[in-house]
Amino acid sequence: MDALAGLLDGPRARGAFMIRACFEPPWSIRIEDRAPLTVMVMVRGEAWVLPDRGEPIRLRPGDLAIARGPDPYTCADDPGTEPQALILPGAECRYPDGRSLNGSMDLGVRTWGDRPDGSAVMLIGTYLWEGEISGRLLKALPPLLSLTSDVWKSPLTPYLMDEIVRDEPGQEVVLDRLLDLLVIAALRAWFSRPQAEAPAWYAALADPVVGRVLRLVQDDPALPWTVASLAAKAGVSRAALARRFTELVGEPPMTYLTEWRMALAADALRDTDDTLDAIARRVGYGSAFALSSAFKRVYGVSPQEHRGRVPS
C-alpha cells in the first residue's frame, strides 16, 4: 500500500463527501464539524480561510487549502464578514443563532450556497472519520495548509467540476476516487517542498533500501517477516538494515512492523464486521489470541473494547 494511499484507506467506510459551494459576497460560513480532513479548491473568485488560531489564508482561483481537524475555522469573502451559517458534526447546517437551515442553501446536485451563479465557487471535499493509518500522516500536517496555483496545478479540477453536478449512477464512486487522487496529489506536492517537514517514515520511502522495506511491510503485512527476510529482499545484511532503518525511520524494523499491523487491525475493527480471527490472519497473526495480546500491549485496551468505541 502506498503511504499516501494509506492515508485514504477506506474513506468510504469512514465517510467522505464532496460538494460545490457557490456564494455571492458578502458571505461567511463557520465550520465546526470536527472533520479530520477537509480539502478546498478555489475554482472562481476569492475566499479567506480563517482559523481560530494561526494566520488566515487567502485563496485565489486554482489555489488549494487543507484543514486538519478538529479545530474550527471560518470561510468568508472577507475577514470582517460575520458568519451567516454554521456547519456542525454530521453535516448539520444551522444559522448562527441555532435555527436549522432546513435545506434553504441547497442549490441542486451536490451544490450548496446562496446562489448557483455566485461569483465565488469552491470545491470542498471532507473526510468525516480518522483511522489509525490516516492518523500517522495527518499528525504531520499543520492545522491549515495551502498551495498556490503557481506551485500547485492539477488537471483533476475540471473533471470534478464536470462530475459533481451530474445525477447519474456511479457518481459517488467517481467523486470518491477523484477526491482521493486530489488529496494524494496535494499532499505529495506539500511534502515535496524544500522546507517540508515530512514524517521520518515518509521521507525514508525515497531511500533505496529502507523505502523498499517499508513498501514490503505496507503491501504484505500478513507475511511472516523477520529482519533477515526483509534484509534479503533489500539486498543488504541484517545489521546494515537494522542500522539504516532505525537511523532513517526512528525505530527498528520489527517495531515499525508491529505498529503498522496494529494500526491496520484497529482500522479493520472500526470499519468492518470481520471476526477477530479474520483480522488477525490479515495483519500477520496466527490467532485471535495472539492479536489480542499484541493489540492490548500497544493500545491498552482489547480489540473488543476498541470496536465498542466506534461511533455510530
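Reply: The accessible surface of the protein comes to about 14900 Å², and 53% of that area belongs to carbon and sulfur atoms; such areas come from the Shrake-Rupley method with a 1.4 Å probe, and for residues only the protein chains shown count as cover. This is a predicted model, in which local features need pLDDT of at least 70 and side-chain atom pairs count only at pLDDT 80 or more, while totals for chains, interfaces and linings use all residues. Residues are numbered from 1 along each chain as its sequence is written, and side-chain values use heavy atoms, with hydrogens and water left out.

The protein has 13 helices and 13 strands, these being DSSP runs numbered from the N terminus (helices H or I of at least four residues, strands E of at least two).

Turning to the sheet itself, six strands form an open sheet with mixed pairing, in the order β5-β4-β7-β2-β8-β9, where two strands pair if DSSP finds at least two bridges between them. Because β5 (57–59) and β9 (92–94) stand at the edges with a single partner strand each, one side of each is left without a neighbour in the sheet. Neighbouring strands of this sheet are turned by 20° against each other on average, direction ignored, with axes taken as lines fitted to C-alpha atoms.

Within this order, strand β2 (residues 28–31) pairs with strand β8 (residues 85–88) in the parallel sense over three bridges, and Arg30 has Leu86 of β8 as its bridge partner.

Methods: Axes fitted to C-alpha atoms, helices over the stretch in contact; angles between N-to-C directions.
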